[in-house]
Structure formats: C-alpha cells, structure tokens
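Keep the sequence and the 3D view side by side as you read.

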Amino acid sequence: MKKLTSIALSLLLVGILSACGGGEKAQEPAPAADNQQAEQPAAGGTVDAAAAEEKFKSSCASCHGVDLSGGAGPSLQQVGSKLSKDDIAGIITNGKGAMPPGMLKGEDAEVVAAWLAEKK
C-alpha cells in the first residue's frame, strides 16, 4: 500500500511541475520595438494591465490561479504589499522554491512584475 501511495504522490508532483513549466514554448520575442514600447510601463508608472494580464494567464495562471488566488503556487492577490516590482521580477526571472526560472523573460517579466506590484 505504501508503494502505491508513493507512486501516486510522485505522479501528482510531476503533473504539478509540468503545469508550471508548460508556458516556456509559447514565449517568443516581440517582433518589433513598437510592440515592446506598448507593453512597458509608461514614465508616469502606469502599466498596460491588459498585456500583463494576458501574459500572466498564458504562463502563470496554471499555478497561481486566473484570479491570483493560488493553487499549486501561492496566492498573488496582495503580492505588491509584500514585494517590490524588482523583487517580483527577480522571482519571475530566477525562480523561487518550486517555481522554475525563466517562466517569463525580459520585457514580459518586467510588465507582469509591474502589474503584480500593484496588487496590494
């Protein structure tokens, strides 16, 4: 019985980790500088929430929930009250705990980090 339980837990863990790593192939660099500028926070500090939310849904929501409530990963509903934009960007880029590094890269990571930093 212990062997069966161990196998079941191993398969569950593999499934969770696979879901968190599934967005890597979908990431492509933006084709033109014009598109990158539209996604960057403006000088006044505003964030393109629609672009950030779309990137989050395609790469992060499987673990953190579409509504940021968590699941396999922690809730991010109030992450901005605990971490700065730079801290969040560092976690997105370098990973932390069970979260693998590089789920989003470059400007995509910065846009999502800025958006999440506003969640307080």
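Aspartate 108 and lysine 55 form a salt bridge, with their closest N and O atoms 3.1 Å apart. A salt bridge here is a side-chain nitrogen of Lys or Arg within 4 Å of a carboxyl oxygen of Asp or Glu. This pair links distant parts of the chain, since aspartate 108 sits in helix α6 and lysine 55 in helix α3, 53 residues apart. Both aspartate 108 and lysine 55 are buried, where buried means under 20% relative accessible area, exposed means over 50%, and partly exposed lies in between (1.4 Å probe, protein chains only).

Before going on, a word on what you are looking at. This is a predicted model, in which local features need pLDDT of at least 70, side-chain atom pairs count only at pLDDT 80 or more, and totals for chains, interfaces and linings use all residues. Residues are numbered from 1 along each chain as its sequence is written, and side-chain values use heavy atoms, with hydrogens and water left out.

By the rule above, the count comes to four salt bridges. Another of them joins lysine 85 to glutamate 110, with the closest N and O atoms 2.7 Å apart. Lysine 85 lies in helix α5 and glutamate 110 in helix α6, so this pair ties together parts that are 25 residues apart in sequence. Lysine 85 counts as partly exposed at 28% relative accessibility, and glutamate 110 is partly exposed with a relative accessible area of 28%. Salt bridges that share partners join Lys85, Asp86 and Glu110 into one network. Within helix α3, the side chains of glutamate 53 and lysine 57 meet in a salt bridge of 3.7 Å, N to O; these two residues are four apart, about one turn of the helix.

Now let's step back to the whole fold. The protein chain has six helices and zero strands, taken as DSSP runs (H or I, at least four residues, for helices; E, at least two, for strands) and numbered from the N terminus. Buried residues make up 29% of its 120 residues.

What holds the middle of the largest nonpolar core? Of its 20 residues, Phe56, Ile88, Ile92, Trp115 and Leu116 touch the most other members. Such a core is a set of buried Ala, Val, Leu, Ile, Met, Phe, Trp, Tyr and Cys residues joined through side-chain atoms within 4.5 Å. The elements giving two or more residues to this core are α3 (49-59), α5 (85-94) and α6 (106-117), and α6 supplies the largest share, eight residues. Nine of the twelve residues of α6 are buried, so this helix is largely enclosed by the rest of the structure.Phenylalanine 56 has contacts (heavy atoms within 4.5 Å) with residues including His64, Val112, Trp115 and Leu116, not counting residues up to four places away in sequence. Histidine 64, found in helix α4 (residues 61-64), counts as buried at 11% relative accessibility.

Finally, a note on confidence. The protein chain averages a pLDDT of 76, and 62% of the residues score at least 70; pLDDT is the predictor's confidence in each residue, from 0 to 100. Over residues 8-18 the pLDDT is below 50, and over residues 21-44 pLDDT stays under 50. Where pLDDT is low, the predicted coordinates should not be read in detail.
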